[in-house]
Amino acid sequence: MKTNIFSLFVLLALITSCKNDKKESVDAKTSATKWVDSLIYPEETHFKSIKQITFGGDNAEAYWSFDDKQLIFQSNNKAWNVGCDQMFLMNADETFKDKIPPMISTGLGRTTCAYFLPDNKSFVYGSTHLGGDECPPAPLRREGKYVWPIYPSYDIFIADLEGNITAQLTTEPGYDAEATVSPKGDKIVFTSMRTGDLELFTMNIDGSDVKQITNQLGYDGGAFFSPDGTKLIFRSSRPKTEEEIKEYQDLLAEGLVQPTEMELYICNADGSDLRQLTNLGNANWSPFFHPSGEKVLFSSNFEAERGFPFNLYMIDLDGKNLKRVTHGETFDAFPVFSNDGKKLIFSSNRNNGGGHDTNLFIAEWQD
């Protein structure tokens, strides 16, 4: 789920208190402000090279086709004639500075989380278009809180690369979205409100054999399969105290969640062996497995004193060897490896002239 990304860290800067007492050490700190080759900080040693793909608007959640030749991403770039997030298609070697990529969602409602299916000719995504042609309204800002909307009109669909919807996979009342596909090509994991809480479910790629994966109170979302399809990594807000539980349930009753306190959890693909992976504080989210299947990349502001910056980190599956990957001063998130493990696409505020734009970047990865 991506709302206004820039607003996320700006608002967190205003509302998040200092949490240095919970920090875990990492092996490198930002010590330089000079850029290398304009786009890479000197400490970003995992990036052999980097290329900017988009230039304007909020662009995020870019996912590779199974053959790594194409990417689907969501954007609200007003220059592309959209009022809120819609899905766009690009070849993996393209950039969009002076042209508009083809839109492959309906252009109606709001969309999120498009993910290729194994045939490389179709994709799954969440959309609110059955609830109305217009963009659903953004939630009102609340004093001291940053919230994400959980639109009940979201359902999950399959479409071809011309944007024609070929199947509707969910029909339950309430929020169904955040779908991603196993690298094995047999399962979809998604977040649903069908039980009254935001839980993870899996289903076959035709929508059959729906199974509940999580069952603890809290927002479970943004899940991804491991490269071998046997594990799931996801973000979660797990309220513990009576006050936290009441706040979570009151917001959820209004169709809202507060994403300022999230940790990463990992489990087997059937929900067994569930355990907490991080315990860093602040917002830890957008996790994705390293190609080895033995590490996870994610975005976090746990080192930030006032809510930002967000940077990318890497951690082993046993919670050890936490390492900082990016060293920006604003926002890096949504890391996704290509299927061959050679490239990483992510969203960043770097090189935006100090404005609000969040763009896509592809880096050549080196371990």
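Which residues are exposed on the other side of helix α2? The answer belongs to a wider picture of the chain, given here first.

The structure is a predicted model, in which local features need pLDDT of at least 70 and side-chain atom pairs count only at pLDDT 80 or more, while totals for chains, interfaces and linings use all residues. Residues are numbered from 1 along each chain as its sequence is written, and side-chain values use heavy atoms, with hydrogens and water left out.

The protein chain holds two helices and 25 strands; helices (H or I, at least four residues) and strands (E, at least two) are DSSP runs, numbered from the N terminus. Of its 367 residues, 58% are buried, where buried means under 20% relative accessible area, exposed over 50%, and partly exposed in between, with a 1.4 Å probe and protein chains only. Among contacts between residues at least 6 apart in sequence, 53% join residues at least 24 apart; a contact means heavy atoms within 4.5 Å.

The strands β2, β3 and β4 form, in that order, an open sheet with antiparallel pairing; two strands pair if DSSP finds at least two bridges between them. Because β2 (59-64) and β4 (86-91) stand at the edges with a single partner strand each, one side of each has no neighbour in the sheet. Neighbouring strands here are turned by 25° against each other on average, direction ignored; the axes are lines fitted to C-alpha atoms, for helices over the stretch in contact, and angles run from 0 to 180 degrees between N-to-C directions. Six bridges join β3 (residues 70-75) to β4 in the antiparallel sense, and Ile 72 stands opposite Leu 89 in β4.

A second open sheet has four strands in the order β10-β11-β12-β13, again with antiparallel pairing. Its edges are β10 (176-181) and β13 (211-212), each with a single partner strand, so one side of each is left without a neighbour in the sheet. Within this sheet, β11 (residues 187-192) and β12 (residues 199-204) pair over six bridges, and the bridge partner of Lys 187 in β12 is Asn 204.

Helix α2 (residues 242-253) has twelve residues and reaches 16 Å from its first C-alpha to its last, close to the expected 16 Å at 1.5 Å a residue; the expected span is 1.5 Å times one less than the number of residues. Its buried residues are Tyr 248, Leu 251 and Leu 252. They cover an arc of only 100° around the axis, which puts them on the same side of α2; the arc is that of the directions from the helix axis to the C-beta atoms. An α-helix has 3.6 residues a turn, so residues three or four places apart point the same way. On the other side of α2, the exposed residues are Glu 242, Glu 243, Lys 246 and Ala 253. The buried residues of α2 pack against β14 (219-225), β15 (231-237) and β16 (256-257). After the helix comes Gly 255, with a positive phi near 75°.

Strand β15 also contains Arg 235, which counts as buried at 2% relative accessibility.

Further along, five of the six residues of β24 (residues 343-348) are buried, so this strand is largely enclosed by the rest of the structure. Four bridges join β24 to the antiparallel strand β23 (residues 332-337), and Phe 337 has Leu 344 as its bridge partner in β24. The hairpin of β23 and β24 has five residues between the strands, and Gly 341 takes a positive phi near 75° there.
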